[in-house]
Amino acid sequence: MIDLGSGWGGLLFALARKYPDRPVIGYELSWLPWIYSQAYRVIFRLKNVCIYRKDFLTAQLPQAALLICYLHPKGMQALQKRLSSDGQAQNSMLISSTFALPDHQPAETLRLDDLYNTPIYLYRLFNPKR
Ligand SMILES: C[S@@+](CC[C@H](N)C(=O)[O-])C[C@H]1O[C@@H](n2cnc3c(N)ncnc32)[C@H](O)[C@@H]1O
């Protein structure tokens with residue numbers, strides 16, 4: 001699983017605890033959340049977690065079954081361009097909280113039972129080279 005923009009690690013660490021046998025990878029550009037989450041990872045000995053201080057738009061992403069993100073509209077636009085420009089994410093699923101990919105139809109949209117009825121978009125990623 002890869003959290004694209006892992007921030008302070010809230011989601012990343014919840015996933016790592018729920019799935020201790022699965023590798024959980026984060027990409028985070030900002031120094032402070034990255035340092036905090038690295039320290040958290042070490043202190044709580046989360047051995048299945050790896051957090052890169054890298055731009056996920058330009059990094060070579062490992063093959064992952066599941067990509068997760070909670071970005072913003074511009075970030076989703078950039079992510080869509082990235083996912084369409086190479087075959088790295090083929091046969092993966094993308095789950096995006098709150099913001100949709102601008103030009104893709106989600107396979108499913110869920111609504112959280114929270115104050116904003118937050119949408120959760122689920123995409124099955126295609127092979128753009130076909
Ligand atoms: C709203 S936070 C989400 C944090 C976390 N995924 C969560 O749900 O708790 C979005 C994070 O994405 C990071 N981010 C945005 N664009 C990025 C990029 N291209 N590469 C790496 N990190 C990025 C931001 O620095 C920010 O910390």
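Predicted model: local features only at pLDDT ≥ 70, side-chain atom pairs only at ≥ 80, totals over all residues.
**Entry 1: L83**

L83 is found in helix α3, which covers residues 73–85. I also looked up how L83 sits relative to Y123: the two are 40 residues apart in sequence, and their C-alpha atoms are 12 Å apart in space.

**Entry 2: the two domains**

Next I checked how the chain is divided. Domain 1 takes in 1–62 and domain 2 takes in 63–130. I found 18 Å between the centres of domain 1 and domain 2, taken over C-alpha atoms.

How much area do domain 1 and domain 2 bury between them? I read off about 1,100 Å², with 62% of it on carbon and sulfur atoms. On the domain 1 side, I2, L4 and L57 supply 42% of the area buried against domain 2, more than any other three residues. Counting contacts, I got 13 residues of domain 1 against 12 residues of domain 2.

I then went looking for polar links across this boundary. Between domain 1 and domain 2 the count of salt bridges is zero. The count of residue pairs in polar contact between the two domains is six, with both residues of a pair at pLDDT 80 or more.

Which elements supply the side of domain 1 that touches domain 2? I noted β1 (2–4) and α1 (10–18), each of which supplies at least two residues. The largest share, three residues, comes from β1. By class, I listed 10 nonpolar, two polar and one charged residues on that side of domain 1.

**Entry 3: S96**

I moved on to S96, which lies in strand β5 (residues 93–97). Its relative accessibility is 0%, so S96 goes down as buried. What lies 2.5 Å from a polar atom of the side chain of S96? I found the backbone oxygen of F99 there. Leaving out residues up to four places away in sequence, S96 touches C69, M76, P119, I120 and Y121.

A quick reminder to myself: most residues other than glycine have a negative phi. With that in mind, I picked out two residues to look at.

T98 has a phi near 75°, a positive value in a residue other than glycine. I located T98 in the loop between β5 and β6 (108–111). At 25% relative accessibility, T98 counts as partly exposed.

N117 is not a glycine either, and its phi is positive at about 50°. Where is N117 placed? I found N117 in the loop between β6 and β7 (119–124). N117 has 38% relative accessibility and therefore counts as partly exposed.

**Entry 4: V24**

Last, I looked up V24, in strand β2 (residues 24–27). Is V24 buried or exposed? I have V24 down as buried, because its relative accessible area is 1%. Its contacts, neighbours within four places in sequence aside, are M1, L12, L15, A16, N48, V49 and C50.

Technical notes. Residues numbered from 1 in each chain as written. Heavy atoms only, no water. Helix = DSSP H or I, 4+ residues; strand = E, 2+ residues; numbered from the N terminus. Domains from an automatic or database assignment. Contact = heavy atoms within 4.5 Å. Buried area = accessible area lost by both parts, 1.4 Å probe. Salt bridge = Lys/Arg side-chain N within 4 Å of Asp/Glu carboxyl O. Polar contact = N/O pair within 3.5 Å; in protein donor to acceptor, adjacent residues only side chain to side chain. Nonpolar A, V, L, I, M, F, W, Y, C, P; charged D, E, K, R; others polar. Buried < 20%, exposed > 50% of the residue type's maximum accessible area, 1.4 Å probe, protein only.
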